[in-house]
Amino acid sequence: MKKIVVLISGSGTNLQAIMDACQSGKINGKIVSVISNKADAYGLTRAKNAKIPTALFERKNFANNLEMDRAIAQHIEQLEADLVVLAGYMKILSDEFTLQFVGKILNIHPSLLPKYKGLHTYQQALDAGDTEHGTTVHFVTPELDSGAIILQAKVPIFPEDDIADIEERVKAQEIQIYPLVVKWFASDRLKEKEGKAYLDGKLLPENGYANE
């Protein structure tokens with residue numbers, strides 16, 4: 001059974017989906033810590049309600065970002081975690097941190113990468129007049145939102161949509177695909193080698209697993 005650490009900054013909807021999948025046995029893993037950089041993150045309450053250990057690392061308590069990342073990394077190493085899951089963690093990780101856990105960090109990003117890296121992806125899609133948007137699960141590398149893509153889910157954008165409409169559709173997909181990818185990793189089906197993602201020993205396409 002894999003030991004999983006989840007990093008959050010907010011409400012923890014993806015965290016809840018992964019917690020539920022672990023509890024039901026769909027994921028052969030156990031969340032050994034939920035880490036937040038925000039004291040008021042509701043995800044911490046979700047974890048405490050599920051009797052999962054939590055840890056708070058706030059930027060104000062460290063000299064710089066790197067010192068904070070080193071403290072988090074030490075916490076993860078002490079737990080002997082197999083996988084680090086970023087679930088709405090709104091802080092850019094240092095290169096040192098990402099390289100320390102290379103091949104063991106997953107992130108979910110609300111766009112069809114490589115389009116719209118960084119913030120405000122919904123607004124960018126609307127401004128561009130896109131007819132579809134989506135979400136991407138990928139391995140984490142030092143370059144922001146640029147690691148090997150594992151799985152994507154697409155949603156339509158209709159002419160009358162606003163950001164809230166698109167976000168609702170995307171979040172509905174996220175809570176489906178993120179636990180699935182964590183399940184693949186926990187079952188030793190998913191690997192990262194030399195910056196590329198492999199499922200069942202087969203190289204995934206640039207845009208990730210395709211079931212179409």
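A nonpolar core is a set of buried Ala, Val, Leu, Ile, Met, Phe, Trp, Tyr and Cys residues joined through side-chain atoms within 4.5 Å. The views below show a predicted model.

**View 1. The largest nonpolar core of the predicted model comprises 37 residues.** The members that touch the most other members of this core are Ile4, Ile31, Ile150, Tyr178, Val182 and Leu190. Helix α6 supplies seven residues, the largest share of this core. Apart from this core lies another one of 20 residues, including Val5, Ile76, Phe101 and Ile105.

**View 2. Surroundings of Ile4, a residue of the largest nonpolar core.** With residues up to four places away in sequence left out, Ile4 touches Cys22, Ile27, Gly29, Lys30, Ile31, Val32, Ser33, Leu83, Val85 and Val182. Two of these contacts, Ile31 and Val182, are also listed with Ile4 among the core residues that touch the most other members.

**View 3. The largest pocket has a volume of about 920 Å³.** Its lining consists of 36 residues, of which Gly88, Tyr89, Met90, Ile108 and Pro110 are the closest to the pocket centre. Two or more lining residues come from each of α1 (13–23), β5 (105–109), α5 (121–127), β6 (132–139) and α6 (163–186). By residue class, the lining of the largest pocket divides into 14 nonpolar, 16 polar and six charged residues.

**View 4. Strands β8, β9 and β10 form an open antiparallel sheet in the order β8-β9-β10.** The edges are taken by β8 and β10, each of which has a single partner strand, so one side of each is left without a neighbour in the sheet. Strands of a sheet pair through backbone hydrogen bonds, in either the parallel or the antiparallel sense.

**View 5. The hairpin of β8 and β9 has two residues between its strands.** Strand β8 (residues 190–193) runs antiparallel to strand β9 (residues 196–199), and four bridges join them. Leu190 stands opposite Leu199 in β9, while Lys193 stands opposite Lys196 in β9. Leu190 also belongs to the largest nonpolar core. In the turn, Glu194 has a positive phi of about 50 degrees.

**View 6. The hairpin of β9 and β10 likewise has two residues between its strands.** Here β9 pairs with β10 (residues 202–203) in the antiparallel sense over two bridges. Tyr198 stands opposite Leu203 in β10. Asp200, in this hairpin, takes a positive phi near 55 degrees.

Technical notes. Residues are numbered from 1 along each chain as its sequence is written. This is a predicted model: local features need pLDDT of at least 70, side-chain atom pairs count only at pLDDT 80 or more; totals for chains, interfaces and linings use all residues. Side-chain values use heavy atoms; hydrogens and water are left out. On a 1 Å grid over the protein atoms alone, a cavity is a set of points where a 1.4 Å probe fits but cannot get out, and a pocket is an open set with protein on both sides within 12 Å along at least five of seven lines; lining residues have an atom within 4 Å of a point. Grid points are joined across faces, edges and corners, and a volume is the space filled by probe spheres set on the points. Ala, Val, Leu, Ile, Met, Phe, Trp, Tyr, Cys and Pro count as nonpolar, Asp, Glu, Lys and Arg as charged, and the others, Gly among them, as polar. Two strands pair if DSSP finds at least two bridges between them. Buried means under 20% relative accessible area, exposed over 50%, partly exposed in between (1.4 Å probe, protein chains only). Contact means heavy atoms within 4.5 Å.
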